[in-house]
Every structure is written in structure tokens, then in C-alpha cells.
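Please keep the sequence and the 3D view at hand while reading.

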Amino acid sequence: MKCPNCRSQMFIADETANSRSHVTFYRCSVCVSEYVSSEPILEVIGYPSRDYPDSRDSDNNRYLMV
């Protein structure tokens with residue numbers, strides 16, 4: 001990731017993950033600015049296709065935010 005202030009490469013200072021989110025802390029080694037990125041954890045759940053015999057397997061995958 002590039003620093004929004006000085007455009008130099010930032011390094012990962014810390015990472016935290018739990019059942020709901022993944023948080024990454026970045027720090028710039030040149031201007032010492034900090035940046036935090038957070039992403040939700042997503043799981044793919046497959047439902048049986050017996051309700052809809054014409055459906056494909058790709059139609060049955062649903063995303064669930066945990």
C-alpha cells in the first residue's frame with residue numbers, strides 16, 4: 001500500500017481478526033503517518049438445490065456476512 005501523504009510504500013504494523021472483521025494497521029516509514037483498513041469477514045454458504053431442480057450449483061452459493 002502507498003502512503004496517501006508522501007506516496008512511499010507503507011508496511012503492516014499490526015493485524016487483528018475476529019469472527020466479524022479483519023483490521024490491518026499500516027505505517028509509513030518516511031513520514032510516519034498511519035492508516036487503518038477494515039474488511040468484513042464473508043463466508044460462502046451452499047444451499048441444497050432440491051427446491052429448484054433447474055438451478056445450477058453457482059446459483060446456490062449465497063454470501064453471508066458474519
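Which residue of β2 does E15 stand opposite? The residue is T24.

**Confidence**

The protein has an average pLDDT of 76, and 64% of the residues score at least 70. Confidence is highest in strand β2 (residues 21-28), with a mean of 92. The lowest mean, 51, belongs to helix α1 (residues 57-60). Where pLDDT is low, the predicted coordinates should not be read in detail.

**The sheet**

Three strands make up an open sheet: the order is β1-β2-β3 and the pairing is antiparallel. The edges are taken by β1 (10-17) and β3 (34-40); each has a single partner strand, so one side of each is left without a neighbour in the sheet. On average, neighbouring strands of this sheet are turned by 20 degrees against each other, direction ignored.

Between β1 and β2, which run antiparallel, there are 7 bridges. These two strands form a hairpin, with 3 residues between them. Between β2 and β3 the pairing is also antiparallel, and it runs over 7 bridges. This pair forms a hairpin too, with 5 residues between the strands. In the turn of that hairpin, V32 has a positive phi of about 60 degrees.

F25 has V36 in β3 as its bridge partner, and Y26 has Y35 in β3.

**Side-chain contacts**

The structure holds 1 aromatic pair. It is formed by Y26 and Y35: the ring centres are 6.2 Å apart and the planes stand at 45 degrees, so the pair is tilted. Planes under 30 degrees apart would count as stacked, and planes over 60 as edge-to-face. Y26 is buried, at 17% relative accessibility, whereas Y35 is partly exposed, at 35%.

The whole structure also contains 1 salt bridge. R27 forms this contact with E34, and the closest N and O atoms are 2.1 Å apart. Side chains of opposite charge can pair when their charged atoms come close. Here R27 counts as partly exposed, while E34 counts as exposed.

The relative accessibility of the residues in these two contacts is listed below.

| Residue | Relative accessibility | Class |
|---|---|---|
| Y26 | 17% | buried |
| Y35 | 35% | partly exposed |
| R27 | 31% | partly exposed |
| E34 | 56% | exposed |

**Cysteines**

How many disulfides does the count come to? The count comes to 0. C3 is in no disulfide, and the nearest cysteine sulfur, that of C31, is 3.6 Å away. A disulfide needs two cysteine sulfur atoms within 2.5 Å. For C28, the closest cysteine sulfur is in C6, at 3.6 Å, which is too far for a bond.

Are C3 and C28 buried or exposed? C3 is buried, with a relative accessible area of 0%. C28 is also buried, at 1% relative accessibility.

Definitions and conventions: Residues numbered from 1 in each chain as written. Predicted model: local features only at pLDDT ≥ 70, side-chain atom pairs only at ≥ 80, totals over all residues. Heavy atoms only, no water. pLDDT = per-residue confidence, 0-100. Helix = DSSP H or I, 4+ residues; strand = E, 2+ residues; numbered from the N terminus. Buried < 20%, exposed > 50% of the residue type's maximum accessible area, 1.4 Å probe, protein only. Pairing = 2+ DSSP bridges. Axes fitted to C-alpha atoms, helices over the stretch in contact; angles between N-to-C directions. Salt bridge = Lys/Arg side-chain N within 4 Å of Asp/Glu carboxyl O. Phe/Tyr/Trp six-rings, centres within 6.5 Å; stacked < 30°, edge-to-face > 60°.
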